[in-house]
Structure formats: structure tokens, C-alpha cells
Amino acid sequence: MHSVPKHLPNAAAASTGTLRGRAAQQDPWWIRWGLISCSIAVLLVLVILPVANVFYHAFSHGPVVYWQNLTADAETWNAIRLTLLVAPVSVALNVIFGVAAAWAITRFRFPGRTLLTTIIDLPFAISPVVAGLMFVLLFGAKGYFGPWLQANHLQVLNAFPAIVMVTTFVTLPFVARELIPVMEAIGADEEIAAISLGANGWQMFWRITVPNIKWGLLYGVILCNARAMGEFGAVYVVSGRIIGKTETMPIRVGTLFEGGTSATYASSFALASVLTMLALVTLFIKIALERKTAADLKEAASIQQTE
Amino acid sequence: MLRGICLESPSVMSTQRILPGFRLSLSFAISYLCLLVLIPLVALFGKASTLTAQQFLAAAWTERTRAAYFVTFSSSAIAAIADTVLGLLLAWVLVRYDFPFKRLFDSLVDLPFALPTAVAGLVYSSLYVPKGWMGQFLVPWGIKLAYSQSAIVLVLTFIGLPFVVRTVQPVLESMDADIEEAAACLGASRWQTFRRVLLPALYPALITGFALTFARAIGEYGSVVFVSSNTPMKTEIAPVLIVQKLEEFQYAEATAIAIVLLLASFMMLIVINTLERRTEAANSSAN
Amino acid sequence: MSIVVKNLSKQFGSFKALDDVSLEAQSGSLLALLGPSGSGKTTLLRIIAGLESADRGSVLYEAEDVTHQSPKDRQVGFVFQHYALFRHMSVFENVAFGMRVRNRPGAEIKQRVQELLHLVRLEGLAQRYPSQLSGGQRQRVALARALAVQPRILLLDEPFGALDAKVRQELRQWLRQLHDEIHLTTIFVTHDQEEAFEVADRVVVMRGGHIEQSGSPQEVFDHPATPFVMDFLGNVNVFHGRVENGMAMLGALNIAYPEYPHAESRDATAYVRPHELDIERFPFGTSSLEVRVTQVNPAGSVAKIRVFSEQFGLALNVDLNLERYIELQLKPGDQVYVSARRVRVFMPNAPEYSI
């Protein structure tokens, strides 16, 4: 249940309107520094130490061993390749869905609109393991479509299709949830103007809508991608964890970790460090995009209201 | 008068005919949701409906499942409470005070969103063992967190850290200094102002944040499975139990437990939505 | 290109936005739709543009029925209330948009955009972005953009609504000049009666989804058809009284009203503009009202006097020209007599009558 996208405009306001020098809001210095120290301690113990620990374990035998741990193992390579295949497919599907859903929800009024918004949120409320179970029940050997799939020699479970499906399911709300408030805030005025100037639907979409929502869209993509690459529970259930075939990066991390030897232990941390770096990059892009979208929305507001 | 204005506003009533793509976008969105969300959900409930009440209870309400629910919900609740307190602290400090590297710390709050849960589980399991970075200090004092329920609570606290911060932060930012000035003029101390004026205004955000953390924690699997010893009756959570039933091909049992878990999450979702709607209503009426 | 609107009706839920509205704008004319918010003027404009569909009725451009055509096929230029400029495009690209989506050659686009920017006096700002422009400049970009597609008619929704008073004044005169240059049939929506009267050839006053009155500014101003129009055109004194036997009795003012010769007494309302009232030091006849001066404000070319009739509990506004004001030497507290040069009497179901 990620609530981040919803608060984007406000989160960005954080950077602009923070410190108000009003006397009534001033706290004594010892309270101020006491609370700041506590906060930093919390972040240190909960966030910073663990991240540092990942890299410590990954590099504990030096960069050469680190590199070998990552690259020498064909199964690990397969896991990386599978993740790099699954995540883009899921993200692409959810981008198409997110744009379509946001367009329908923000530009039109129809019965069941609120219900639709609630259904989009559902995957956030469903445990990844339960999500995996649902797809097992559909496509497993004893599942609803299982016999038919078997008769037609189609492999869904324990294969690429099921991994993509659960990953898409788990990350489904990200793009839509990010786009809906952005498109709501931007309004339909420019799009109506484009139509009145003679643009057809696709011209309007590519020339007006897409440029206006691009930063918000990218933000949704980044969050969606981070989650897609990192999904564990749902993939764990449907992939069968066939080594060298249906292991994604996080699953591979788990397999190596449970391998029991100090070599696999080091390898698992090496692979985990790659995922951690991806997370840090995601965070970095996210901050940059938050500033961009905030600026966009501010500009939209200023243009609409005029002096 | 006002009604007239609303109705004439272009974005509400009149785009229906002018803007293209209504049928295309809506039918695509609905088909997509049906295929990916509704049909799987129907499959789950369909599977559950093949069980009789006795069978359902026999699967979902055994001593072991009850223990698993207890571990799941108690760990989630403790983690959510911890995150509510820590989240309020972090949000307050990040909004109200200025200090070096503030932006860096602010963005670090989001790391648990971005970090794969398996990595979180992996690293948390290595931190609190006797030789780990934290364990080497804690274990000599008799604080053995690794593989216990405390480890589950700890990693769930990590996973849920951003929720409360990110729900409270915007509310705290949008609060007018006037309110505090008014309270100060009326003779309230700083602490009284916080307790009686600021905190009540933050309750909806705090409860929403709590509910989000709790709902996320109930379903969490990837991190917990690494940090917990997964001992039945003690440190086994419900999602782990579901996976185990699945591995034993006991689909009916897995489904029954999943239904219990799902209903709990749905209830949290309803609470969250109701709260958000109420906050929105309160905000719009205040304007 | 003339515009004819026949029997348009439009309902939003239970709200009647337009109720059987008919209207004609002659070719090359500049017409103002004037009314308070909720009067249906914007809805009417949007239906004429094709941005909204009517429940009943038809819209004709010249003899062509365009009721079921899309905005694109109608070839209208529409200027939106908040301009709806494309914020990620430069001024040049904004103006060029309509031609780009029609796949016109680049050279033609360039030439036409330059012509238009010259027309709206924004030559130097082609590479600016909307956020870098003032409100008045954005307004003119919106107009240039609407004109770029060589529309058959031009429609403007509250064109000056979002601007401050000084810019608004300038742009009004400029729009009038522009219209005289390009002679495009133009309809604009406004809630500001001054704006409508200053710019338009014809004014259509709307209220509650129907047309109260239409005519030239002079006609509408001099002969308001209904109490609403009278009231809406601003600043009137209202007298409540009765009519009987060919007389209107409004407090102490008795006025001949031959339109109603019957003996049965009926309620009537009379409207008098402040400049149609006169003040005398002494009473004369039955048609003057004893009042006390409460406020004197000589501002500009007229002196605004407020008086109060204790007998009837009635406050009135009187505009005197400066000479008359100096002649009378009025001070607050003075006892004076008010008479009316001109009164409009409205009775339910009776025609307007003025003396």
C-alpha cells in the first residue's frame, strides 16, 4: 500500500515552504536538537546501517571476489536477465492501463467511477502471497484453466507468463494512482482547446496530454519498476523457483542466502547490493521528478489563475 | 447561483462529448482489471466456496493457524504503532527544523519503498545475529533479536516506516502558523499547544498512516521469511503458512487462510478510504 | 457568416441551463451575451461552438445546419476563459498548432503565424512560453491561436474576465478595433454590462436560461424590456407602488399611466436611474418627494447624492451634474425635494411604459 503518489504535490511543497520564522512555532534549542538527534538515530539504525551492511558483506572479500560472485555464476546471470525482462513488460502493461484508467476517470463522469478507483487500489490490499495463490488456483495443474492449458501444452505456471502476471498484478496501481491526481490538477482545458483547434484524438493525446503528464508518468514508471524488480512473495509462489530458469533477482538472492555455504552467502549479498543500488538510483530519480512535477503543477496553477 | 457555476465549468459535465477516447479507455481499463484482478479474486472465492463451513474452519481455524494469525497481527500492530510514533517524530523534525543534510535524510525515509523486501530481510537477518553489527552490542546484554518475533517486528517497522511520515508531513506543512500563534496568545504553553491543538489535527493522518502500515505488514512475506525462524506456533506468520500449504499442494487450506488474511486487509482498506474521504471533506469545507 | 440559433434547450440534471433560446447574429457583427452567472450564456456559447450538445434545437451558420457537426468541422475560433494555452509550447507553436494538426506546409505556417503575431502586436514574443507572459499577452496569444485556423466565426468566453481593470479597458478597445479590421462574426460572453455596451453591436441579455432582451446597446439601455434588465444594467432606484385609474402612485410621486385605465388597483414597480432624478429646494406639484440628504460625494463629472425619505423609509441615489450641484449647494442634513424626469413602470403582464 504505497501512499506516496497521492501526496506528491504536498511533498514537493515541503521543499519550498518549510521554515517559518514565526515565534510561536519556535521550540527551545534542547528540544529541537534532541528531536533531531532522535530522528537521525532512527534513520541510522533502521535505514542507513542496513544499507551499509549490504555493501559491507558484498565487498568483504574485495571487489574482485565481488565481481566474480556476480558474474561467474550462470544461474545468477539468468536471474538478472529474467528480471530485466519481466520488469519492463509489467511496467509497459501498467503504463497503458494507467493512462487509460486515468483518462477515463479524470476526464469523464460515469456511474461506477468511484468503484473503479477503489478496484485499482485493491492489489495494494492483497498480500503478494495471496496474489500468487490466486494465479496458482487459476493456472495450476488442478486449477480452473489448468487442464485446458495442459491439453494445449501451454506452460503458464512456473514459467515467464505467470511471473509477468503476478508482477503486473502487484504493481498495477502505481502508474494510475500517480497519474490521476496529476491529470486532475492539470485539467482538461488544454485538451478541449486542442480539439476545438481541429486536432484529432491521437494528435491531442501525443501533442498535449503526453507532454503535460510526462514527469508524473515517469514518476509512476519509476515506482512501478522498483517494485516490479523487487517483488518476492508473489513470484516465489508462482515461479516454482526453477534454478537457472524461473528465478528472478530477489528469488535468487533468497536461494543463495539459504545455500548455507559462506560462498553462497557472499554471493547473495553481492546480488543484493545490485538491487540496493537500483533502489538508491530509484530514490535519486524520484527526488528529481518530485521537483519537476511540483514545478509543473505550480506553473499550471499560475497559468490558470492569471494575475 | 453557485450551482450554475459548477455546471458550466467545462471540466465537469461537458467534456463527455468533446474529448475522445471515453469508450476506448474505459473499456480497456475495465477489461484489464477484470482479467488481472477480478477473475483471480473470483477464483479465490470460488475455491473457498467449494469448502463446507466445517472444512473451512478445519483449515483456517486450527491451533497452528490461530497462532500464525496471532503472530501476524500482533507483530503488524506493534510495528504499526512503532511506525506511528517514529513517523510523527520524523515528520515533525523534517517539517519544522533545519539541520545539515536534511534533504538527504528526507529522501532516505523512502528507501524502504524502493528496496526489495528480500534484501531487507537478508540484511536484517545478518544485523542482529551475535556477530552482526548490532548483535555484537546487543547480545552480550541478553537482547537476542535474531530469528525471534522481535526480528519480525523490527523488519516490519522498517518496511512500514515511510507511510506515517508521508501521510503526516503534508498535513503538518499545510497547518497555518496562525493556529499556534492564536494558542500562544491565549496563554497555552508549547506543550499544551502541541497536545491540544496540533495533535488532534494530525489524528486523521496518523490513523491513516497507521492503517496503511498495518495493512502492508499483514501481507508482508519476503522480508519476514528471512528474519524469522518460521517455527510453527511461535514465529510463523500467516503468509508463510499459506506458502507452506501450497508447497504441500493443500490448495483448500491455503485458500481458507488466504481468505482470512484478505478480509482483514479489505477491512483496513475500507477504514483507510473512509478516513481519507472524511479528511478530504473536512479540508474542502474548511476552505 | 451569420449565426442562427433556433429553439435551443439544454438541461444539466435537474438544472435548466437553456430553455428554448433563439437568436441571430448577423454576418460581421459583434454580439455580446450578457448575464449573471448561471444565466446560460456560457452554455449557449459552447453549444454554438460545438463544445457542448443541445438537448433540442439547432444551430445554423448561414444556411448550413451545424447542429451535429464536431467543433473541428464547424471551423470556429474559440477563446477560452482562462485561455487554455499549451504551456509546454512557445507562443509560436501555440499559434501554429491548428495548422500543424492540419499538416500545412512549414513555410505557410511560419508566414501565417508571423502575420497573426503582428495583428495581435506580439511580434517579439514568438519564442516565449505562456508562463513568461502577462495576462493581457496570454489573452492575445489565445486570440491569435483561434484566428490561425481561419475560422468562420469567432467565439470568446469571458475574454477579459481574468484581467485587471486597466488592462481590461485597453483590450476592450483593441478587440473592437480588431473586429473592425477583420470583420469576423463574433460572439462573446460577459457578465460586465459596461464591457458589453462598449464593445458590442448587439447585446443579448440572458437570465435563467432564456433571453430577456436583445437589441443594440442604445435600445437595451434606453428601453429595458423587463425589470431584470433594468436592474442588471446597474444602479437603479426602485419604487414599489400601485396603479389604478390611469395613474401610478409611488409614494408621494403620482404619475399618469394611461396604459392602465381600470379601477382595480394593482401592484407595480417603478425604476428610475440616478441621473433621471432631479433635486429641488422647494416642492412642486404632486410629483415630488420630500427627502433628507444623507451623503454628498462629488466625484468626477457627476455628484453622487444619497437621500432618504423618512415617510416611506426609502433610500435613493441621485446623480447631479456638477453645475446643478454647485447651484444647489447641498449639504448632508438638507431638506430637499426629489422629482423624476423619467420613470419606467413595470406591472406583471403589462408592457413597459415610460414618461
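## A strand tucked into chain C

Let's start with strand S14 (residues 266-272) of chain C: five of its seven residues are buried, so the rest of the structure largely encloses this strand. Buried here means under 20% relative accessible area, with exposed being over 50% and partly exposed in between (1.4 Å probe, protein chains only). Strands are DSSP runs of E with at least two residues, helices are runs of H or I with at least four, and both are numbered from the N terminus. Bear in mind that this is a predicted model: local features need pLDDT of at least 70, side-chain atom pairs count only at pLDDT 80 or more, and totals for chains, interfaces and linings use all residues. Residues are numbered from 1 along each chain as its sequence is written, chains are lettered from A and ligands numbered from 1 in the order in which they are written, and side-chain values use heavy atoms, leaving out hydrogens and water.

What does S14(C) pair with? Strand S11 (residues 237-244) of chain C runs antiparallel to S14(C), with seven bridges between them, and C:Val243 sits opposite C:Arg266. Strand S20 (residues 344-346) of chain C is also antiparallel to S14(C), joined by three bridges; there C:Thr269 has C:Phe346 as its bridge partner. For strands to count as paired, DSSP has to find at least two bridges between them.

Because C:Arg242 lies in S11 and C:Asp267 in S14, the pair ties together parts 25 residues apart in sequence. C:Arg242 is partly exposed, at 36% relative accessibility. (A salt bridge is a side-chain nitrogen of Lys or Arg within 4 Å of a carboxyl oxygen of Asp or Glu.)

Another one joins C:Lys304 and C:Asp319, whose closest N and O atoms are 3.6 Å apart. This pair connects strand S17 (residues 302-309) with strand S18 (residues 314-321) of chain C, the two residues being 15 apart. C:Lys304 is partly exposed at 38%, whereas C:Asp319 is buried at 17%.

Over all chains, the count comes to 38 salt bridges. One of them is B:Asp110 with A:Lys286, where the closest N and O atoms are 2.4 Å apart. B:Asp110 is in the loop between H6 and H7 of chain B and A:Lys286 is in helix H14 (residues 262-305) of chain A, so this pair joins two chains.

Are these two residues buried or exposed? Both B:Asp110 and A:Lys286 are buried, with B:Asp110 at a relative accessible area of 4%. They also belong to a salt-bridge network that takes in A:Glu290, B:Asp106 and B:Arg166.

## Chains A and C overall

Chain A has 14 helices and zero strands, and 60% of its 307 residues count as buried. Its accessible surface (Shrake-Rupley, 1.4 Å probe; for residues, only the protein chains shown count as cover) is about 11900 Å², with 68% belonging to carbon and sulfur atoms. Helix H4 (residues 74-107) of chain A supplies three residues of a nonpolar patch, the largest share. One residue in H4 is A:Leu93, partly exposed at 35% relative accessibility.

Chain C, by its secondary structure, has ten helices and 21 strands. Of its 355 residues, 54% count as buried, and its C-alpha trace spans about 80 × 45 × 35 Å along the principal axes. Its accessible surface is about 15100 Å², 48% of which belongs to carbon and sulfur atoms.
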